[in-house]
Amino acid sequence: MCCSCGACVAYCNAQGFDIIKMEGYTPQIRSDAKVEDCKECGVCYYICPQTEPLMKQLNDDYRIKDEMGYIQDIIAAKTTDEKIKEMGQDGGLVTTLLMYLFDKNKIDAVIVSEYDDKFQTIPKIIFDKEELLKSSGTRYSISSNILPLKDLYNIADDIVEKHPQIYDINQIRMAFVGTPCQCRAVRKMQLLNIRPTHVIKYVFGLFCMENFDHDKLFQLVKKETNEEPTNIAKMNIKKNFFITSKENKVYEIELKKFDDAVRNHCHECDEFTSRFADISFGGSGAVQQNSMVLIRTDKGQDLIRDVIIAGYIKKFTPKKSTITEWKAKKINLLRNMTNKKINKSK
Ligand SMILES: Cc1cc2nc3c(=O)[nH]c(=O)nc-3n(C[C@H](O)[C@H](O)[C@H](O)COP(=O)(O)OP(=O)(O)OC[C@H]3O[C@@H](n4cnc5c(N)ncnc54)[C@H](O)[C@@H]3O)c2cc1C
């Protein structure tokens, strides 16, 4: 059931309890001696996105009545930035919105995922917009994006010196990017008003049908394409798995060939479109090089309005149908995909 979001460890460490740590993709008690030190507060269980507690209140708070969650508006859009267009997964919207938030001094940092030099997916807090491009694109393996918050109170001195506005750690304004399960955990923590998620001001959720075990995925990629992981330029799921090598060779492989690499917890998940985000982003349903965008909160609505006005993104205008018909059609498509996910998990 564990989705490796890192919420429990981030909470436990940021409180100074430090009883659990992440070992690979699973939280573990640090040592037998530490068992005695556990305060038995139970918060790690409550905030786990895979447990039932708090869900009723959370659903009420986020006006969630069905599998799609509350939708204030739906649009498709793409970035106007040429570099992000090249690097982004779909419309490059997530990276562009983060760029805007940095530019307008609305955030001091964001938690994203990156590849490290060994091509492992890693979560990272970044404080500079220049680093954003490295994080754009989708990595189809676990990135424990809440985990870096465990070190919120130990931010390196050189970073604090470079960004004096974050001197008071509790005043840092962060954005968060994550999969549906991760956004759920962030909201559970915010509901309890506990450290360290109090610094998160924007929650950007990704659509997610399923996620994969990194090693198993790349073994299968190698088997199907004969390409080394380090020679993969881009991976994208659009009905089938599309894998592009650095030489621009594109492989299209049936998605079910990767079934053995799907993480177990995804079989239990009924969220496709990140119901708890301020804004949710996916490729499904959007024309090429655009992202599908579900706006869920007033904060999300204001941000999308502002980035359009500022010219950072361009909204898609349907030609063959009215806007109302287009929106209904897209919501229906996403509902069908959500039901497909729910049926898979039964
Ligand atoms: C595991 C996974 C499965 C997905 N499945 C679908 C799907 O079935 N259908 C669909 O429409 N969309 C899916 N998406 C979302 C889609 O791939 C894009 O992330 C989304 O359309 C946003 O694209 P963009 O160009 O706007 O984002 P970009 O500007 O490219 O930014 C992408 C952001 O996603 C973050 N990110 C990348 N990988 C991860 C990760 N593993 N965990 C957490 N954050 C990450 C990056 O840090 C970056 O901030 C999936 C995403 C993931 C991570």
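Student: Which elements each supply at least two residues of the shell around the ligand?

Tutor: Helix H6 (93-103), strand S4 (109-115), strand S6 (174-178) and strand S11 (279-282) do. Residues are numbered from 1 along each chain as its sequence is written. The model is predicted: local features need pLDDT of at least 70, side-chain atom pairs count only at pLDDT 80 or more, and totals for chains, interfaces and linings use all residues.

Student: What makes a residue part of that shell?

Tutor: Its C-beta atom, placed from the backbone, must lie within 6 Å of the molecule. Here 33 residues surround the ligand. The closest are Thr95, Val112, Met209, Gly282 and Ser284. H6 gives the most, with three residues.

Student: How many residues of the shell are nonpolar, polar and charged?

Tutor: Eleven are nonpolar, 20 polar and two charged. Ala, Val, Leu, Ile, Met, Phe, Trp, Tyr, Cys and Pro count as nonpolar; Asp, Glu, Lys and Arg as charged; the others, Gly among them, as polar. By that rule Gly counts as polar.

Student: Why is H6 called mostly covered?

Tutor: Nine of its eleven residues are buried. Buried means 20 or more other C-beta atoms within 10 Å of the residue's own, exposed means 12 or fewer, and partly exposed is in between; C-beta atoms are placed from the backbone. Among the buried ones are Leu93, Thr95, Met99 and Phe102. After H6 comes asparagine 105, with a positive phi near 55°.

Student: Which residues does isoleucine 29 touch, and what makes a contact?

Tutor: Two residues are in contact if their C-beta atoms, placed from the backbone, lie within 7 Å. Leaving out residues up to four places away in sequence, isoleucine 29 touches Ile19, Ile20, Lys34 and Val35.

Student: What makes a set of residues a nonpolar core?

Tutor: The members are buried Ala, Val, Leu, Ile, Met, Phe, Trp, Tyr and Cys residues, joined through C-beta atoms within 7 Å. The largest such core has 69 residues. Those with the most contacts inside it are Ala7, Met174, Ala175, Phe176, Phe204 and Val293. A second, separate core of ten residues includes Tyr140, Leu217, Phe218 and Val262.

Student: How do you know that S8 and S9 pair?

Tutor: Pairing needs at least two DSSP bridges between two strands. Strand S8 (residues 232-238) and strand S9 (residues 240-245) have six, in the antiparallel sense. Isoleucine 232 stands opposite serine 245 in S9. One residue separates the strands of this hairpin: lysine 239 in the turn has a positive phi of about 65°.

Student: What joins S9 to S10?

Tutor: Four bridges join S9 to strand S10 (residues 250-253), again antiparallel. Phenylalanine 242 faces glutamate 252 in S10. This hairpin has four residues between the strands, and asparagine 248 takes a positive phi near 70°.

Student: Why are S8 and S10 called edge strands?

Tutor: The open sheet of three strands has the order S8-S9-S10. S8 and S10 each have a single partner strand, so one side of each is left without a neighbour in the sheet. H10 packs on this sheet, touching S8, S9 and S10. The direction of H10 makes about 105° with that of S10. Axes are lines fitted to C-alpha atoms, for helices over the stretch in contact, and angles run from 0 to 180 degrees between N-to-C directions.

Student: Which strands are at the edges of the sheet of eight strands?

Tutor: The order is S5-S4-S6-S7-S11-S12-S3-S13, with mixed pairing. Strand S5 (121-126) and strand S13 (313-315) pair on one side only; they are the edges. Strand S3 (residues 73-79) meets S13 over three antiparallel bridges, which passes the pairing rule of at least two. There, lysine 78 has lysine 314 as its bridge partner.
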